[in-house]
Amino acid sequence: MSSANTQQKPRLTTSAMIASIASEGQRVRAAPFGKALVEYAESRPDVVGLTADLAKYTDLHLFAQAYPERFHQMGMAEQLLMGAAGGMAKEGLVPFATTYAVFGTRRAYDFIHQVIAEENLNVKICCALPGLTTGYGPSHQATEDLAMMRGIPGLTIVDPCDALDIEQAVPQIAEHQGPVYMRLLRGQVPLVLDEIEGYRFELGRAKMLREGSDVLIIASGIMTMRALEAAEDLARDNIGVAVMHSPTIKPLDEASLVEAVRYKHRLVVVAENHSVIGGLGEAVASALLRHRVQPAGFQLAGLPDAFLDAGALPTLHDRYGISREALAGRIKRWLA
């Protein structure tokens, strides 16, 4: 047998199971949600944690280890998870309920709507694997969660970009009075916003991260990271790209968005890790129309209105236009 045949094959670094969207060599921070919740709950005995058999996969296991008497394992029953969280909120507690985004929205929608939101209960729903952050196909890809949750009156919706965003969002959503749905990045979470001078997460506020005269990308979640990367690449072609991060999807910071678009002759691109139906893109378009603001051009860089394939995340992100290279390529075509 030749030496070539006896050599081990290189180990695959991506698979359908991997939930982290960090690139090779990228700076990351482990379990920012779990660590931030543990730290916050130290001085807040009213904070409790609940999950539907997914503590390890939402980083809530750290809370369970720190405060076992305040941790509740509800089993694979998302309706019970939301119902119990609502009941605890009625007793004056601040429940953080975690599961995967597909299960928390599609399976438990009526319970969020009727038990939690209608009574404006102080429940914080934190759901992992948002959008295309898993390769496990439509059963696990929450590509329509924002569209579903935006329709619920009084529900605040947050889509953090990175570990810093999550760490700073946890205490703010806890102190916000009323229900919150937060898309959750778990495990080894990229760290990018700490490089933006003066950046801080503020609930309800959009932030301009960089300026550029040709294109404005308005983004949320992991697509803010992709937008910053694409802006660097496009700068080499003398294309000036501004990036605005809108981590709060509802209520939308319309004033900041309008100010960023009005009187500036540049293409506006809304980049989101979500279907082009019913997410940030349509929310921004509606706001601009209602404020009678017309950009030089407007495009949605989101996921298609389709059931997406299963596979390795880098392949899927390229296929559906949300990788660094794909986003830069789309913008170049729209400018042509």
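Strand 2 and strand 4 (residues 94-100) run parallel and are joined by five bridges. The model in which this pairing is found is a predicted one. Along the two strands, Val47 stands opposite Val94 in strand 4, and Leu50 stands opposite Ala97 in strand 4. Strand 2 also pairs with strand 3 (residues 71-73), here over three bridges and again in the parallel sense, and in this pairing Phe71 of strand 3 is the bridge partner of Gly49.

Strand 4 and strand 5 pair in the parallel sense over five bridges, and the bridge partner of Tyr100 in strand 5 is Ala128. Strand 5 is in turn joined by five bridges to strand 7 (residues 180-184), with which it runs parallel, and in strand 7 the partner of Cys127 is Arg183. Lys124, Cys126 and Ala128 point one way from strand 5, Ile125 and Cys127 point the other way, and all are buried. Since five of the five residues of strand 5 (residues 124-128) are buried, strand 5 is largely enclosed by the rest of the structure.

These pairings belong to an open sheet of seven strands, which has the order 3-2-4-5-7-6-12 and in which the pairing is mixed.

The axes of helix 4 (residues 78-90) and helix 6 (residues 109-117) come within 9 Å and cross at roughly 10 degrees. As angles under 35 degrees count as roughly parallel, helix 4 is roughly parallel to helix 6. The contact between the two helices involves Gln79, Met82, Gly83 and Gly86 from helix 4, which meet Phe111, Ile112, Val115 and Ile116 from helix 6.

The loop between strand 3 and helix 4 contains Gly75. With a relative accessibility of 23%, Gly75 counts as partly exposed, because the partly exposed class lies between under 20% for buried and over 50% for exposed. When residues up to four places away in sequence are not counted, Gly75 touches Thr51, Ala52 and Asp53. The C-alpha atom of Gly75 is separated by 21 Å from that of Met182, and the two residues are 107 residues apart along the chain.

Another open sheet is formed by five strands in the order 9-11-10-13-14, and its pairing is mixed. Its edge strands are strand 9 (207-210) and strand 14 (297-303), each of which pairs on one side only, and the twist from one strand to the next averages 25 degrees. Within this sheet, strand 10 (residues 215-219) and strand 13 (residues 267-275) run parallel and are joined by five bridges, and Leu216 stands opposite Val268 in strand 13. Helix 13 (residues 324-335) lies across strand 10, strand 13 and strand 14, and it runs at about 155 degrees to strand 14.

The largest nonpolar core comprises 117 residues, of which Phe33, Phe96, Leu193 and Ile217 touch the most other members. Helix 9 (residues 222-235) gives the most to this core, contributing eight residues. For Leu193, the residues touched are Cys161, Asp162, Leu164, Asp165, Tyr199, Leu209, Leu228 and His245, when those up to four places away in sequence are not counted.

Conventions:
Residues numbered from 1 in each chain as written. Predicted model: local features only at pLDDT ≥ 70, side-chain atom pairs only at ≥ 80, totals over all residues. Heavy atoms only, no water. Pairing = 2+ DSSP bridges. Helix = DSSP H or I, 4+ residues; strand = E, 2+ residues; numbered from the N terminus. Axes fitted to C-alpha atoms, helices over the stretch in contact; angles between N-to-C directions. Contact = heavy atoms within 4.5 Å. Core = buried A, V, L, I, M, F, W, Y, C linked by side-chain atoms within 4.5 Å. Buried < 20%, exposed > 50% of the residue type's maximum accessible area, 1.4 Å probe, protein only. Parallel < 35°, antiparallel > 145°, perpendicular 65-115°, else oblique.
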